[in-house]
Amino acid sequence: MQLIRWDPFQEMEEVTDRLNRLFSRPTVGTRTANAMLTPPDWSPSVDIIESSKEYMLMVELPNVNEADVTVWVDRGILRIQGERKQEKEHNWKKYYRMERYCGFFSRSFTIFANVKEDRVFTEFREGVLNVRFPKGEKVKPKTV
């Protein structure tokens with residue numbers, strides 16, 4: 001058996017990350033009233049990238065089926081919801097450590113003002129969801 005050095009600061013960082021995910025999750029969406037009171041089980045990592053023509057979000061969703069993910073834009077907010085289902089059949093007798101999260105997830109993002117909301121493009125490939133927003137005209141400030 002291999003010895004692993006215990007790092008208490010690593011465990012404190014993991015607890016802090018879990019608490020941050022717990023308190024930063026949105027609870028609005030298309031779920032039922034009872035389900036809305038329950039926070040999401042996990043939160044996928046997201047990269048937001050800007051090019052000269054568009055904005056792109058890259059959402060890591062390993063082991064998630066495309067049919068289990070919903071993406072929509074409503075009043076300037078992009079919402080991504082879905083579920084990673086836990087594997088039912090296990091040939092293993094016991095777990096020593098389980099770090100992969102399963103269950104419901106939800107992320108919400110305020111989109112930029114110069115984005116064309118009606119022309120959102122999504123692509124799901126190799127466990128990564130890409131959401132692309134073409135840039136529109138720059139919003140000019142209004143004089144009141």
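S4 and S5 pair in the antiparallel sense over eight bridges; two strands count as paired if DSSP finds at least two bridges between them. Strands (E, at least two residues) are DSSP runs numbered from the N terminus. The model is predicted: local features need pLDDT of at least 70 and side-chain atom pairs count only at pLDDT 80 or more, while totals for chains, interfaces and linings use all residues. Residues are numbered from 1 along each chain as its sequence is written, and side-chain values use heavy atoms, with hydrogens and water left out.

The pair belongs to an open sheet of three strands, ordered S3-S4-S5 with antiparallel pairing. Strand S3 (69-74) and S5 are at the edges with a single partner strand each, so one side of each is left without a neighbour in the sheet. On average, neighbouring strands of this sheet are turned by 10° against each other, direction ignored; axes are lines fitted to C-alpha atoms, and angles run from 0 to 180 degrees between N-to-C directions.

Ile 77 is found in strand S4 (residues 77-84). Ile 77 counts as partly exposed because its relative accessibility is 26%, where buried means under 20%, exposed over 50% and partly exposed in between (1.4 Å probe, protein chains only). Leaving aside neighbours within four places in sequence, Ile 77 is in contact (heavy atoms within 4.5 Å) with Trp 72, Ser 108, Phe 109 and Ile 111. Ile 77 and Ile 111 are 34 residues apart along the chain, yet their C-alpha atoms are separated by 5.8 Å.

Ile 80 stands opposite Arg 107 in S5. Beyond residues up to four places away in sequence, Ile 80 touches, among others, Val 59, Val 69, Phe 105, Leu 129 and Val 131.

## Four-stranded sheet

A further open sheet has four strands in the order S1-S2-S7-S6, with antiparallel pairing. Its edge strands, S1 (46-50) and S6 (121-125), each pair on one side only. Neighbouring strands here are turned by 15° against each other on average, direction ignored.

Five bridges join S1 to strand S2 (residues 54-60) in antiparallel fashion, and the two form a hairpin with three residues between them. Across this pair, Ile 49 stands opposite Met 56 and Val 46 opposite Val 59.

## Nonpolar core

The largest nonpolar core has 18 residues, and Leu 61, Val 69, Leu 78, Ile 80, Leu 129 and Phe 133 have the most contacts inside it. S2, S4, strand S5 (103-110) and strand S7 (128-134) each supply at least two of its residues. Such a core is a set of buried Ala, Val, Leu, Ile, Met, Phe, Trp, Tyr and Cys residues joined through side-chain atoms within 4.5 Å.
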